[in-house]
Amino acid sequence: MANKSPQKFVTTALSLNWPSTCGRPAILPAVMSRIVNGEPARAHSWPWQVSMQVWPASRPEPVFMHTCGGTLIHKNWVLTAAHCFINYADELQRWQMCLGKHNLTHTEPSQQCFNVSGIYRHEDFKYPTMPTVEFDIALVRLDGEVITSDEIAYACLPSEEEILAKGKMCYATGWGDETGEALNQVALPVIPYETCKKADYWWFQVKTSMICCGYTLPDELKSVCKGDSGGPLVCQDTPEGPWEVHGITSFGPIGCIMNKKPSVFTRSSAYLPWMKNVIQRDIYNQNSMTPPGLNWPTLLKNPIW
């Protein structure tokens with residue numbers, strides 16, 4: 001589709017009000033360069049990037065600090081990683097989601113920060129109890145509605161179970177372990193599952209519900225770092241197509257870069273039914289008179305209705 005448009009649907013009581021457009025930044029990202037280890041992004045060129053900020057228990061007064069990234073997919077919802085909520089998952093007051101950010105060191109006119117009304121981690125996420133970071137996905141419900149702008153917009157979702165081709169170039173964004181002065185971006189090619197599951201790569205730790213991205217030659221190594229956890233991996237089907245959030249930054253080697261240890265992302269196309277159920281349940285809980293089983297008009301490339 002040349003443009004992602006909202007799907008038409010009917011429910012008995014409410015509309016889910018999905019974005020009319022997605023994946024098309026008003027400020028175009030600079031995606032032609034190939035700087036090793038990433039580079040500062042053009043300000044606000046990845047307008048779905050979220051700074052997830054936490055108020056640590058060590059601070060008696062409310063002081064929010066960037067801890068993870070996220071992706072804006074709906075006026076009420078942020079997509080991120082479950083492991084970002086190993087701490088404080090049940091303390092909603094300790095979280096805020098900031099949109100329209102480029103520089104984390106000061107307040108920007110473009111930013112909107114929201115409190116959180118719900119954190120939904122995948123129920124099968126068991127890390128660190130289990131040695132694998134499987135089911136590393138979460139949805140965060142904002143306590144208000146996002147007002148879009150040139151600096152704040154939505155990423156598209158991929159088609160259900162869509163698999164990226166070997167070598168497909170995608171972009172990961174985040175503030176990483178740097179100073180937070182500017183959002184960073186890094187171009188990463190897709191590494192096939194059959195390669196990534198080899199014993200000298202990630203072996204049993206990588207699953208089919210994950211995406212591996214990076215380079216195989218030591219002098220080409222690029223990766224994402226700790227502060228990028230939960231942030232987006234976005235790709236285009238065509239050079240003129242909308243940007244889709246195919247991955248959620250999940251794990252990688254300590255120190256960020258290591259030969260045959262590419263960055264690993266939760267594959268969002270594997271979890272579209274789970275997202276549907278979470279949002280349906282949340283809507284149902286807030287509208288107790290609404291019958292369950294509502295159609296969920298996801299931002300899919302190939303809607304079936």
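This dialogue walks through the features of one predicted model.

Reader: What kind of model is this, and how are residues and side chains treated?

Author: It is a predicted model: local features need pLDDT of at least 70, side-chain atom pairs count only at pLDDT 80 or more, and totals for chains, interfaces and linings use all residues. Residues are numbered from 1 along each chain as its sequence is written, and side-chain values use heavy atoms, with hydrogens and water left out.

Reader: How many helices and strands does the protein have?

Author: Elements are DSSP runs, numbered from the N terminus: helices are H or I with at least four residues, strands are E with at least two. Here there are two helices and 14 strands.

Reader: What share of the residues is buried?

Author: Buried means under 20% relative accessible area, exposed means over 50%, and partly exposed is in between (1.4 Å probe, protein chains only). Of the 305 residues in the protein, 55% are buried.

Reader: What share of the contacts joins residues 24 or more positions apart?

Author: A contact means heavy atoms within 4.5 Å. Take the contacts with a separation of 6 or more: residues 24 or more positions apart account for 68% of them.

Reader: Which order do the strands take in the open sheet?

Author: Two strands pair if DSSP finds at least two bridges between them. The open sheet has seven strands, in the order β6-β5-β2-β3-β4-β8-β7, and the pairing is antiparallel. At the edges stand β6 (112-114) and β7 (116-121). Each has a single partner strand, so one side of each is left without a neighbour in the sheet. From one strand to the next, the twist averages 30°.

Reader: How many bridges link β3 and β4?

Author: Three bridges, in the antiparallel sense, pair β3 (residues 65-74) with β4 (residues 77-80). His74 stands opposite Trp77 in β4.

Reader: Where does helix α2 lie?

Author: Axes are lines fitted to C-alpha atoms, for helices over the stretch in contact, and angles run from 0 to 180 degrees between N-to-C directions. Helix α2 (residues 272-286) lies across β4, β7 and β8 (138-142). It runs at about 30° to β8.

Reader: Which backbone angles deserve a look?

Author: Most residues other than glycine have a negative phi, and most peptide bonds are trans. Begin with the peptide bond between Tyr127 and Pro128: it is cis, with omega about 5°. Pro128 sits in the loop between β7 and β8.

Reader: Where is His44, and is it buried or exposed?

Author: His44 lies in the loop between β1 (39-40) and β2 (49-54). Its phi is positive, about 65°, although it is not a glycine. With 16% relative accessibility, His44 is buried.

Reader: Is Trp203 buried or exposed?

Author: Trp203 is exposed, at 51% relative accessibility. Its phi is also positive, about 50°, although it is not a glycine. The residue lies in the loop between α1 (193-196) and β11 (210-213).

Reader: How many disulfides does the structure hold?

Author: A disulfide is a pair of cysteine sulfur atoms within 2.5 Å. The structure holds five. One of them joins Cys22 and Cys156, with sulfur atoms 2.1 Å apart. This pair links distant parts of the chain, 134 residues apart: Cys22 is in the segment before β1, and Cys156 is in the loop between β8 and β9 (169-174). The torsion about its S-S bond is 100°, and the link is right-handed. Cys22 is buried at 2%, and Cys156 is buried at 0%.

Reader: Why is the disulfide of Cys68 and Cys84 left-handed?

Author: The torsion about its S-S bond is about -100°, so the disulfide is left-handed. Cys68 lies in strand β3 and Cys84 in the loop between β4 and β5 (95-99), so the pair ties together parts 16 residues apart in sequence. The S to S distance is 2.1 Å. Both Cys68 and Cys84 are buried.

Reader: Which strands hold Cys98 and Cys113?

Author: Cys98 is in strand β5 and Cys113 in strand β6, 15 residues apart. Their sulfur atoms are 2.0 Å apart in a disulfide. That link is right-handed, with 110° about the S-S bond. Cys98 is buried at 2%, whereas Cys113 is partly exposed at 36%.
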